[in-house]
Amino acid sequence: MDPYRNPFSPGAGTPPPELAGRSEILRDIKIALVRVKAGRPDRSQLLVGLRGVGKTVLLTEVEKIAESVGYQTVLIEAREDTPFMKQLVPHLRKLLMRLDAGEMVSAEVKRGWRVLRSFVASLKLKLGDDIEIGFDGESERGAADSGALDLDLQEVFTAIGTAAAARSSGVAIIIDELQYLTENELNAVIMAVHKISQRQLPLIVVGAGLPQLVGNAGRAKSYAERLFVFPKIGPLSDSDAYEALQGPALTQGVEFTREALAEIIKITGGYPYFLQEWGFQTWNEAKSSPIGAEVVSFANKRAIERLDSSFFRVRFDRLTPREKDYLRAMAELGGSVSRSGEIASLLGMQSASAAPLRNTLIHKGMIYSPQHGDTAFTVPLFDQFMKRTMPDMPGKKPTKTADG
């Protein structure tokens with residue numbers, strides 16, 4: 001088929017041509033946005049799921065929805081190598097600049113600037129002098145300057161929420177990769193959300209993270225489960241996966257046979273990122289419509305090669321040799337949940353000795369613990385990649401090839 005007309009779009013956070021199977025989640029978030037802006041109580045939302053399920057795409061869609069119902073928005077991708085507050089401050093500045101627009105600046109917006117300046121001055125003492133917000137002016141003494149992050153962020157969120165209310169606006173702080181926040185940072189965000197919820201201010205947090213986010217939030221604050229909704233974002237149902245593949249193709253006058261669709265869904269497990277990759281490669285392999293299952297077989301090699309060289313490889317290359325061994329042992333035990341003790345045993349280690357490796361891999365976002373003592377990959381199909389990349393288990397003799 002003509003590659004210029006290929007409707008599929010595999011990529012990190014790239015919006016798919018058909019956002020299938022997520023309408024209910026987006027509807028619930030829109031209801032929360034409208035209610036919060038109107039001063040009615042509702043909960044902030046934290047989307048939870050594995051890599052490749054489309055969390056980032058959903059957050060981008062949330063940003064559009066929020067703006068359509070009168071919100072000022074910021075979208076932040078948390079990074080594991082940077083304190084979150086250093087990332088947050090420039091976005092808070094951006095919010096206040098938008099609320100500052102117009103001929104008359106309200107007293108509430110002016111106070112928001114003063115509180116933010118106090119917060120930044122306090123952060124500089126704790127994190128260093130490289131935090132800048134790009135403006136001079138007075139600080140509000142005694143506000144957001146205690147040095148206690150959980151208390152100070154409450155005051156900042158309250159000041160910004162009050163400024164938004166004075167402008168008949170709302171504020172949506174949208175955060176991706178929330179699992180990278182430290183417990184202290186996540187605790188501060190949760191307490192700040194709690195404060196603005198109590199005051200029914202028009203500020204809402206919508207975030208996303210890997211499955212460990214639920215446990216992280218619970219450890220940071222026991223009431224987090226009552227303060228947030230945690231929608232689980234998983235693979236698409238068969239019917240939604242059919243729609244994600246067939247819908248875009250039909251816009252170009254092309255269709256898949258049911259056998260081809262079933263084969264793609266079986267290979268990909270219904271994960272949106274992989275559906276896009278296999279749809280993309282199958283389209284390029286096809287000569288005519290309808291696209292049959294035999295074409296999917298030809299496309300498999302190209303799809304796997306591209307995933308191995310990018311989606312999987314960028315994560316693999318961040319790992320130490322011992323971390324790679326740990327993941328290879330997980331792959332040996334199967335692609336689903338493994339017991340941590342079994343992984344350690346396969347590596348010839350005591351569970352206590354393997355625990356630091358496991359903890360580091362959780363911090364890097366490679367694995368998570370579905371429940372105590374269990375371990376699973378955060379990246380779908382990563383077990384198959386590990387076997388392709390490391391054919392032999394660490395410590396075993398290399399597999400003999402046809403050449404001897």
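Ser118 is buried in this predicted model. Its relative accessible area is 3%, which falls under the 20% cut-off for burial. The residue belongs to helix α4, spanning residues 107-127. Beyond its neighbours within four places in sequence, Ser118 is in contact with Ser139, Glu140, Arg141, Ala143, Ala144 and Asp145.

In soluble globular proteins, nonpolar side chains tend to be buried together. Here the largest nonpolar core has 77 residues. Phe256, Phe274, Phe312, Tyr326, Leu327 and Phe382 have the most contacts inside this core.

Leaving aside neighbours within four places in sequence, Phe256 touches Phe8, Leu245, Gln246, Ala249, Leu261, Ile264, Thr282 and Ile291. Ile264 also takes part in the packing of helix α10 against helix α12. These helices cover residues 258-268 and 293-309. Their axes are 7 Å apart, at an angle of about 35 degrees. From α10, Glu259, Ala260, Glu263, Ile264 and Ile267 meet Ala293, Val296 and Asn300 of α12. Five of the contact residues are nonpolar, one is polar and two are charged.

Aromatic pairs number 13. Tyr271 and Phe274 form an edge-to-face pair, 6.5 Å centre to centre with 80 degrees between the planes. Tyr273 and Phe274 are also edge-to-face, because their planes stand at 85 degrees, with the ring centres 5.9 Å apart. Phe274 is buried, at a relative accessible area of 0%, and Tyr273 is buried at 15%. Ring pairs link Tyr271, Tyr273, Phe274, Phe311, Phe312, Phe316, Phe377, Phe382 and Phe385 into a cluster. Over the ring of Phe311 sits the charged end of Arg315, 4.6 Å from the ring centre.

Definitions and conventions:
Residues numbered from 1 in each chain as written. Predicted model: local features only at pLDDT ≥ 70, side-chain atom pairs only at ≥ 80, totals over all residues. Heavy atoms only, no water. Core = buried A, V, L, I, M, F, W, Y, C linked by side-chain atoms within 4.5 Å. Buried < 20%, exposed > 50% of the residue type's maximum accessible area, 1.4 Å probe, protein only. Contact = heavy atoms within 4.5 Å. Axes fitted to C-alpha atoms, helices over the stretch in contact; angles between N-to-C directions. Helix = DSSP H or I, 4+ residues; strand = E, 2+ residues; numbered from the N terminus. Nonpolar A, V, L, I, M, F, W, Y, C, P; charged D, E, K, R; others polar. Phe/Tyr/Trp six-rings, centres within 6.5 Å; stacked < 30°, edge-to-face > 60°. Lys NZ or Arg CZ within 6 Å of the ring centre and 35° of its normal.
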